[in-house]
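The sequence and structure are shown first.

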Amino acid sequence: MGFRPRELRDLQLRVRAEQQTPEWKARYAVRSGVEGTVNEFAHAHGMRRCRHRGQGKAHIQHVLTAIAVNIERLSGLAPAEEAPTPRQPTAFQNYLDQREIPRLKSWRTLGS
């Protein structure tokens, strides 16, 4: 069994205590959100290697890949929820209305 040097142990305890603060957790939340995107770029889109030489061409490749990923993500989102239009009353509901017989609240009709 071995013991770490006192300086290393003290540093480790201080860092672990800092990791429990809300400020550190907020900073780490941003980083953890970005890690998934970086992983997607590296593994799913081959961004570890550039197709062209030169920093300018590599930058263009990265920007175009980011645009493609954003379009792909946007296309997967559900469309904005719109309020469903109420259904037309059925013949039976019209029959009840004509005879002034109350309907259940769960029946959807126009104007109700």
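The axes of helix α2 (residues 22-44) and helix α3 (residues 55-75) come within 12 Å and cross at roughly 110°. Helices are DSSP runs (H or I, at least four residues), numbered from the N terminus; axes are lines fitted to C-alpha atoms over the stretch in contact, with angles from 0 to 180 degrees between N-to-C directions. The model is predicted: local features need pLDDT of at least 70, side-chain atom pairs count only at pLDDT 80 or more, and totals for chains, interfaces and linings use all residues. Residues are numbered from 1 along each chain as its sequence is written, and side-chain values use heavy atoms, without hydrogens and water.

α2 and α3 are therefore roughly perpendicular (65 to 115 degrees) to each other. In their contact (heavy atoms within 4.5 Å), Thr37, Glu40 and Phe41 of α2 meet Thr65, Ala66, Val69, Glu72 and Arg73 of α3.

Within α2, Trp24 and Tyr28 lie four residues apart, about one turn of the helix. One aromatic pair is counted, where pairing requires ring centres of Phe, Tyr or Trp (its six-membered ring) within 6.5 Å. The ring centres of Trp24 and Tyr28 are 5.1 Å apart and the planes lie at 10°, so this pair is stacked (planes under 30 degrees apart).

Conventions: Rings of Phe, Tyr and Trp (its six-membered ring) pair if their centres lie within 6.5 Å; planes under 30 degrees apart count as stacked, over 60 as edge-to-face and the rest as tilted. Helices (H or I, at least four residues) and strands (E, at least two) are DSSP runs, numbered from the N terminus. Angles under 35 degrees count as roughly parallel, over 145 as roughly antiparallel, 65 to 115 as roughly perpendicular and the rest as oblique.
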